[in-house]
Amino acid sequence: MTGRKPFRSLALAAVAGVGLAVWVFPVIWGLLTSFKTERDVLAYPPVWFFKPTLDNYREVIFGASSIMPNLWSSLVVSTSATFFTMLFAIPAAYALARLKYPAKRASGFYVLATQMLPPVGLIIPYYLALQKVGGLDTYSGLTLIYLTFSLPFAIWLMVSYFEDIPFEMEEAALLDRAGRLRTLWYVILPQVRGGIAVTTIFVFLNAWNEFMFAVVLGGNRVRPVTVAMFNFISVEQTQWAKVAAGAMLAMLPVILIGLFAQRHIVKGLTVGAVKGGGRR
Amino acid sequence: MSGNEAMRASASVRIEGVVKRHGTTTVLHGVDLAIEPGEFFVLLGPSGSGKTTTLRILAGLEPVSDGRVFMDEVDVTMREPGERDVAMVFQSYALYPHMTVAQNIGFPLKMVGTPSVEVAAAVNEAAAKVGIAHLLGRTPGQLSGGQQQRCALARAIVRQPRLFLLDEPLSNLDAKLRMETRLELHALQRNLGATTVYVTHDQEEAMTLADRIAVFMDGRIVQVGTPREVFSTPRTIEVAGFIGTPAMNFVSGAWSGATVTVAGVPLAVRASTDQPREVKLGVRPNDLRIVAEGLPARIERIEDLGDSCIVSFAAGESHLKLKSDRLHPVKEGDEVRLAFEPGAEHLFDAQTGARL
Ligand SMILES: Nc1ncnc2c1ncn2[C@@H]1O[C@H](COP(=O)(O)OP(=O)(O)OP(=O)(O)O)[C@@H](O)[C@H]1O
Ligand SMILES: [Mg+2]
């Protein structure tokens, strides 16, 4: 498709290559580090060729301060946050896109506005609130806090998908005696499958990668992997190779999801741009 | 299904004093209609006159602000769309894009719990009736406009509803396909015998399809009648101007006896009056003649349509059109005189626009 302009495509490829290198370098570096001994890590100048070891992985998986429980924590929090987000976001986005009610625009703006607040400003109120109800260091507490920002985000993302469905389609379904619920189930939801997939992925990844709320509102019982990586950084020494191995494990699901859902994600990112560019 | 069953299935429809308001604007000012079982009834009117609104009220998709809707003399004003046993073909077709043609057509049956074997049979039958039996496995996105339209039609007839509602179902098709489909639609409706309410702003479509036409103007029904009645005796000057292409010619004149005097020229009419008054005189382009004695006019333009021609004139303030099968031996810029056979005239009150 770019065959006619070899120069242009070459230049584009070069730019993309440089960009990719900048992005990928830390990951590669981390990957290499995770297979080094702690001594090789500190070697200066850095060594590119070394005898790889699996000790770090052995340590972070089976060792005294294994991060496996933390991976589990992350999974529980992220999954439940994602589940509840989608549970509420789908009907809410549908309502926002469809039903006529007073102050609809105002509520739409509110949803977006919550996305603009810097989360740091909220951390102390959240802490105090959770403390009051005994929600610190609990799965439900952290999940609840994740909902406060993932829900508006998910609603906002989903609304545009619902708005793409013509009103008459629903009316046709109503005349076909589907009723409101079955209309949603048989006619609406199948058409926003892509949107649901994208939103689910984004919400899950956001929760999985979250650090700040997890470190403050979590604790000994609920300690997601993003926080637990710091187990290997102590006052006396920093075990960089272990940190790297832990980071690689934590990144694994993210990368897998990324590879798996590449197409959906790209579509989700450009949803505004492609809106209406598809059918009809 | 037998013709008998179909006849039994079709409903009579009556609406009484239906008013529809959106906020402070009133879009229907008290509409009354009575539609016979099995009738092909067309709602005709210019854009924004309230046709779609009326149709949606029949479907139950739009609540009335006032008035009542009856089907088979049962008050259904408050019933949900699904409870009225009506099927509708939307202007946009509203096909479900994620389902195949077969699933689309079968959907109304699936929703009422019809066993899948029966659904399949009914889907095949309906698809065959509209000629898309070979397309059942495709999705709507893989169909042409005409095929989509048929699919929507099949989805509407599959359930054998008591009432069909169609909102400009042909408007997305090109001219040729529109003509063909119009004929098929007519045949299909006759075959099914179901009461049909059909919305269009295309008067030609209305004339060819309708048993009766209701003409809408500004949220009111101004005339109900057979196509012939509406064409030959329009009740108001608006209806007269709306129905027929090219549109009827109008000139102002003074009517007394059996003469209408236009710009000082007396023109003979069949109707006679003993109360002289100001009128609007309407003559259809087909009825206008170039003659030796009559209204002076200058030819502005001659359009040759192949099998006929349309001649445009300027006569004083007014612009007139004449339509004729044969090409007149005249040319643009010629000064001619125009008249019509007495009886071809339509006279309307100059103030109210009502037919006299
Ligand atoms: N939701 C609404 N709010 C306000 N006005 C409305 C609404 N829906 C329709 N209208 C108005 O009601 C009037 C009648 O609309 P309707 O759709 O029935 O016209 P129509 O005869 O079907 O016209 P068309 O041939 O263009 O489809 C129009 O003037 C329209 O602007
Ligand atoms: Mg309309």
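Over how many bridges do strand 1 and strand 2 of chain B pair, and in which sense? The legends below, which describe a predicted model, begin with this pair.

**Figure 1. Strands 1 and 2 of chain B within a sheet of 4 strands.** Strand 1 (residues 13-22) and strand 2 of chain B are joined by 8 bridges in the antiparallel sense. One of the residues to look for is Arg14(B), whose bridge partner in strand 2 of chain B is Ala34(B). The open sheet that holds these strands has the order 2-1-4-5, with antiparallel pairing. Strand 2 (25-35) and strand 5 (74-75) of chain B each have a single partner strand, so one side of each has no neighbour in the sheet. Helix 2 of chain B packs on this sheet and touches strand 1, strand 2 and strand 4 (66-71) of chain B. The direction of helix 2 makes about 120° with that of strand 1 of chain B.

**Figure 2. An open sheet of 3 strands in chain B.** Strands of a sheet pair through backbone hydrogen bonds, either parallel or antiparallel. In this sheet the strand order is 11-12-18 and the pairing is antiparallel. Strand 11 (249-262) and strand 18 (345-349) of chain B are the edge strands, each pairing on one side only. From one strand to the next, the twist averages 45°. Strand 11 and strand 12 (residues 265-283) of chain B pair over 12 bridges, and Ala254(B) has Glu278(B) in strand 12 as its bridge partner.

**Figure 3. The two domains of chain B.** Domain 1 covers residues 3-235 of chain B, and domain 2 covers residues 249-349. The C-alpha centres of domain 1 and domain 2 of chain B are 40 Å apart.

**Figure 4. The contact between chain B and chain A.** Chain B contributes 25 residues to the contact and chain A contributes 17 residues. The size of an interface is often given as the accessible area lost when the parts come together. Here, chain B and chain A bury about 2,000 Å² between them, with 60% of it on carbon and sulfur atoms. Tyr96(B), His98(B) and Met111(B) supply 27% of the area that chain B buries against chain A, more than any other three residues.

**Figure 5. Salt bridges and polar contacts between chain B and chain A.** There are 3 salt bridges between the chains. Asp176(A) forms a salt bridge with Arg155(B), and their closest N and O atoms are 3.9 Å apart. The chains also have 9 residue pairs in polar contact. Helix 2 (51-59), strand 6 (86-89) and helix 3 (101-111) of chain B each give two or more residues to the side that touches chain A. The largest share, 4 residues, comes from helix 3 of chain B.

How values were computed
Residues numbered from 1 in each chain as written. Chains lettered and ligands numbered in written order. Predicted model: local features only at pLDDT ≥ 70, side-chain atom pairs only at ≥ 80, totals over all residues. Heavy atoms only, no water. Pairing = 2+ DSSP bridges. Axes fitted to C-alpha atoms, helices over the stretch in contact; angles between N-to-C directions. Domains from an automatic or database assignment. Contact = heavy atoms within 4.5 Å. Buried area = accessible area lost by both parts, 1.4 Å probe. Salt bridge = Lys/Arg side-chain N within 4 Å of Asp/Glu carboxyl O. Polar contact = N/O pair within 3.5 Å; in protein donor to acceptor, adjacent residues only side chain to side chain.
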